[in-house]
Amino acid sequence: MESSSGKNSPEISSMENNSKQTFIIGVAGGSASGKTTVCDIITQQLQGQQIIVLSQESFYHGLSEQKLSRVHQYNFDHPDAFNTERLLSCLRSLKCGNEAKIPNYDFKTHKNVSPERKVSPSDVIILEGILVFHDPRIRELMNVKLFVDTDADVRLAHRIYRDTVEKGRDITTVLEQYSKFVKPGYQDFIAPTKKYADIIIPWGRNNQVAIDLIVQHIKTKMGQHDICKFYSNLYVMQSTFQIRGMLTIIRDACTSKHDFVFYADRLIRLVVENGLGHLPFKEKQVNTPTSAVYIGVELRRETICGVSVIRSGESMENALRACCKGIKIGKILIHKDAGEGEQLIYQHLPKDIAERHVLLLDPILATGNSAVQAISLLLEKGVPESNIIFLNLISAPQGIDMVCKRYPRIKIVTAEIELGLNENCHVIPGMGDFGDRYFGTY
Ligand SMILES: O=P(O)(O)OC[C@H]1O[C@H](OP(=O)(O)OP(=O)(O)O)[C@H](O)[C@@H]1O
């Protein structure tokens with residue numbers, strides 16, 4: 001059923017790229033698990049970056065006189081103890097490059113006191129706290145999520161030491177609070193958020209392997225984030241355990257051809273679906289079987305086409321056809337010659353390609369030479385630069401630089417950004433020769 005608003009319905013703009021923002025690291029874990037130490041290590045190792053450390057504890061609700069009179073009955077380990085709306089608004093403001101005023105919570109009086117802490121925007125924000133992964137809106141703002149996983153006995157020992165020696169409390173009160181609130185709070189609210197972490201850090205002593213892993217992961221993510229900040233038309237798919245799991249299998253040199261094809265196909269499908277999300281859709285109304293009207297959108301097949309770069313790009317055709325039945329797909333063959341550079345030796349493209357949005361398919365962007373050849377041919381054929389979406393699985397920063405500098409209006413959609421290229425111009429860490437592994441020709 002065609003929309004009553006028909007041809008004049010507005011094109012709905014494609015996804016927002018929200019990657020030009022401050023990099024946020026979330027550090028969660030039980031009380032006295034070592035979060036502060038982890039934050040200190042990250043801060044030391046990310047030299048050269050402006051870093052702000054925020055504690056969720058600054059966002060405790062101040063206590064009323066009534067609650068103060070029974071402070072030992074107050075549950076500080078419950079999500080409701082925090083002013084999460086205020087935390088969210090501060091974090092959103094900082095993420096977008098604006099200033100924020102952080103409440104000043106006084107642990108002695110359990111009140112918010114003046115002055116509030118004025119925080120300027122920075123490159124990196126580290127937000128630490130027992131329940132920083134509890135609210136999905138806060139989790140969504142984080143680029144990296146770390147969970148400090150420390151055994152319960154170690155946490156209890158740290159807590160007893162801190163509360164008695166450093167804060168002068170008596171041991172009976174500390175133990176009562178632990179069994180009444182801290183332990184159940186951990187089990188009910190904190191431990192269940194462990195599943196949201198990108199990295200779970202086994203802690204308890206100075207774990208150098210874990211430190212290296214965290215810092216390497218953060219640096220990789222920050223490298224990706226920086227390049228995304230620089231090129232607004234570069235879209236890196238949101239990293240999930242599913243996506244990282246697939247990349248782990250297809251990057252593994254020991255993976256069989258069968259598994260390589262299976263997992264590459266799954267990932268390709270996600271990249272294609274993601275790429276389609278950047279195409280303009282038109283509003284369309286339909287009547288549902290319950291006779292209700294649903295105002296939706298439609299993507300018109302005749303306005304798009306695919307173009308695969310032979311041969312690896314052909315591995316992406318099936319996914320595109322599965323998503324867009326009957327879509328036209330053209331082909332380009334580029335010959336690489338060390339002496340003469342890239343040469344275009346075959347092309348077969350839809351005749352009306354200039355009228356279409358083009359999904360350019362090639363799983364690997366390395367130096368960018370093949371992509372530049374392919375894109376320059378599409379431009380010669382009259383395709384507007386802004387109508388080209390280049391879909392790939394992995395992109396090297398050098399290739400991104402080359403393509404985005406020359407063609408600032410094309411969009412690149414990729415699953416992951418690589419560390420770089422080796423001396424043979426192979427992508428690192430990469431996945432080897434994609435065509436050979438996919439088509440079994442090695
Ligand atoms: O960015 P570049 O440095 O130009 O490299 C990327 C090209 O290299 C790979 O193809 P390959 O030469 O392995 O050919 P194949 O697809 O036929 O295996 C890949 O599929 C790209 O087409």
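Guide: An oxygen atom of the ligand lies 2.5 Å from an N or O atom in the side chain of Asp362. This is a predicted model: local features need pLDDT of at least 70, side-chain atom pairs count only at pLDDT 80 or more, and totals for chains, interfaces and linings use all residues. Residues are numbered from 1 along each chain as its sequence is written, and side-chain values use heavy atoms, with hydrogens and water left out.

Visitor: How far from an oxygen atom of the ligand is a polar side-chain atom of Arg311?
Guide: A polar contact is a pair of N or O atoms within 3.5 Å; within protein, one must be able to donate a hydrogen and the other to accept it, and residues adjacent in sequence count only if both atoms are side-chain atoms. For Arg311, the separation from the ligand oxygen is 3.2 Å.

Visitor: How much of the ligand's accessible area does the protein cover?
Guide: Areas come from the Shrake-Rupley method with a 1.4 Å probe. On its own, the ligand has 500 Å² of accessible area, and the protein covers 81%.

Visitor: Is His278 buried or exposed?
Guide: His278 sits in the loop between helix H9 (257-276) and strand S10 (281-287). Buried means under 20% relative accessible area, exposed over 50%, partly exposed in between (1.4 Å probe, protein chains only). His278 has 3% relative accessibility, so it counts as buried.

Visitor: What separates the C-alpha atoms of His278 and Lys411?
Guide: Along the chain, His278 and Lys411 are 133 residues apart. Their C-alpha atoms are separated by 8.5 Å.

Terms used
Helices (H or I, at least four residues) and strands (E, at least two) are DSSP runs, numbered from the N terminus.
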